[in-house]
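My entries follow in the order I made them.

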Amino acid sequence: MTRPTTTLFMLMSVDGKISTGASDALDVDKDFPKIQGLKEGVGQYYEIEQTTDLWSFNSGRVQEKMGANEKPFPQKTPVSFVLLDNTHLTEHGVRYFCARSKEFVLFTSNKNHPAYGVKEDNLHIFYQEKLDLKEGLEWLYKKFGCERITIQSGGTLNGLFLREKLFDFVDLVVAPVLVGGKDTATLIDGKSLLSEDELSSLGVMKLLECKVLKDSYLRLRYEVVKENPGKKVKDYIAYCGLDCETCEARIATKNNDDTLRESVAKKWSEFNKVEITPQMINCEGCRTGGIKTAYCEYLCSIRQCAKVKKIDTCGNCERMNSCDKLKMITMHNPKAIDNLR
């Protein structure tokens with residue numbers, strides 16, 4: 001994968017609220033520690049938070065609400081922060097995060113953002129005329145080698161991550177409280193689905209852990225399932241994401257084209273520096289039944305790994321983002337990774 005592995009990590013109520021009300025004056029971080037029955041166990045969330053990734057993604061709106069524009073500058077931490085902001089952070093808020101972060105990255109569509117007036121070695125501004133979260137994550141991966149990032153943003157931004165298929169894991173601490181209120185922010189807000197054709201936009205998950213914490217709190221950990229309702233990976237997409245329908249070996253086999261077999265054998269022999277004969281060019285697809293080339297059948301380490309793990313493709317593997325074998329494919333064939341999502 002050409003972007004970091006993402007984990008949505010949030011504190012929420014039993015009914016999915018991530019705030020105590022619809023006013024900016026109300027907030028779970030400020031209010032739960034004051035409420036009998038909640039204050040006793042809320043510290044567990046912050047303890048778990050200390051074990052999350054060294055890259056954290058949030059929004060300027062949330063940080064304005066948390067007081068970043070007024071708080072004294074903090075001590076430096078080993079965490080690098082990424083904030084999406086156009087209008088909420090002041091120059092003080094930008095400097096606050098420069099002081100706090102190992103690297104501070106600002107995603108913005110505002111050419112006049114106060115951050116442009118701040119000169120700090122660890123400040124990096126990623127400007128986009130129109131927000132593209134996937135492009136931004138890929139830039140983080142390429143520029144900083146960011147392999148894992150924790151998402152702790154508001155419901156609307158979380159909704160964008162969901163619809164763009166950018167969540168890989170979800171880690172929730174559930175507080176023993178019902179909040180209510182149709183205008184109160186929930187874990188995932190944003191655009192609602194309106195038809196069956198949109199069901200592929202759902203975020204189906206597999207439970208990894210359900211842990212009972214102290215004082216009636218729960219921790220729920222999920223992996224987002226990549227094959228969602230209404231969207232199945234095509235049979236001719238290989239385990240690694242390459243499209244077998246465009247493979248000349250399969251085309252030659254399908255059409256029984258000996259001329260093409262000779263051409264493929266010659267190219268593959270030169271590329272691999274081993275003798276490959278036209279008779280070896282017979283393959284009906286990596287994940288389908290039927291004949292395969294000797295390499296695909298016996299030598300491809302990715303295919304063998306997927307078969308041992310009994311997964312449909314590498315897109316179902318939790319190590320997809322960090323697998324060196326898969327990177328050797330996707331770095332030369334970027335579309336392969338899109339085929340796995």
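I took a cavity as a set of points, on a 1 Å grid over the protein atoms alone, where a 1.4 Å probe fits but cannot get out; lining residues have an atom within 4 Å of a point. Points are joined across faces, edges and corners, and a volume is the space filled by probe spheres set on them.

I noted that this is a predicted model, where local features need pLDDT of at least 70, side-chain atom pairs count only at pLDDT 80 or more, and totals for chains, interfaces and linings use all residues. Residues are numbered from 1 along each chain as its sequence is written, and side-chain values use heavy atoms, without hydrogens and water.

Cavity. I found one cavity of 30 Å³ or more. The largest cavity holds about 90 Å³ of space. It is lined by 13 residues, and Asp-168, Glu-223, Lys-226, Cys-317 and Glu-318 are the closest to its centre.

Cores. I looked up nonpolar cores, which are sets of buried Ala, Val, Leu, Ile, Met, Phe, Trp, Tyr and Cys residues joined through side-chain atoms within 4.5 Å; buried means under 20% relative accessible area (1.4 Å probe, protein chains only). The largest has 29 residues, and Phe-57, Val-82, Phe-107, Leu-140, Ile-149 and Phe-161 have the most contacts inside it. I listed the contacts (heavy atoms within 4.5 Å) of Phe-161 beyond four places in sequence: Phe-57, Leu-133, Leu-137, Ile-151, Leu-166 and Phe-167. A second, separate core has 16 residues, including Cys-300 and Leu-340.

Ser-56. I recorded Ser-56 as buried, at 7% relative accessible area.

Notes
On a 1 Å grid over the protein atoms alone, a cavity is a set of points where a 1.4 Å probe fits but cannot get out, and a pocket is an open set with protein on both sides within 12 Å along at least five of seven lines; lining residues have an atom within 4 Å of a point. Buried means under 20% relative accessible area, exposed over 50%, partly exposed in between (1.4 Å probe, protein chains only).
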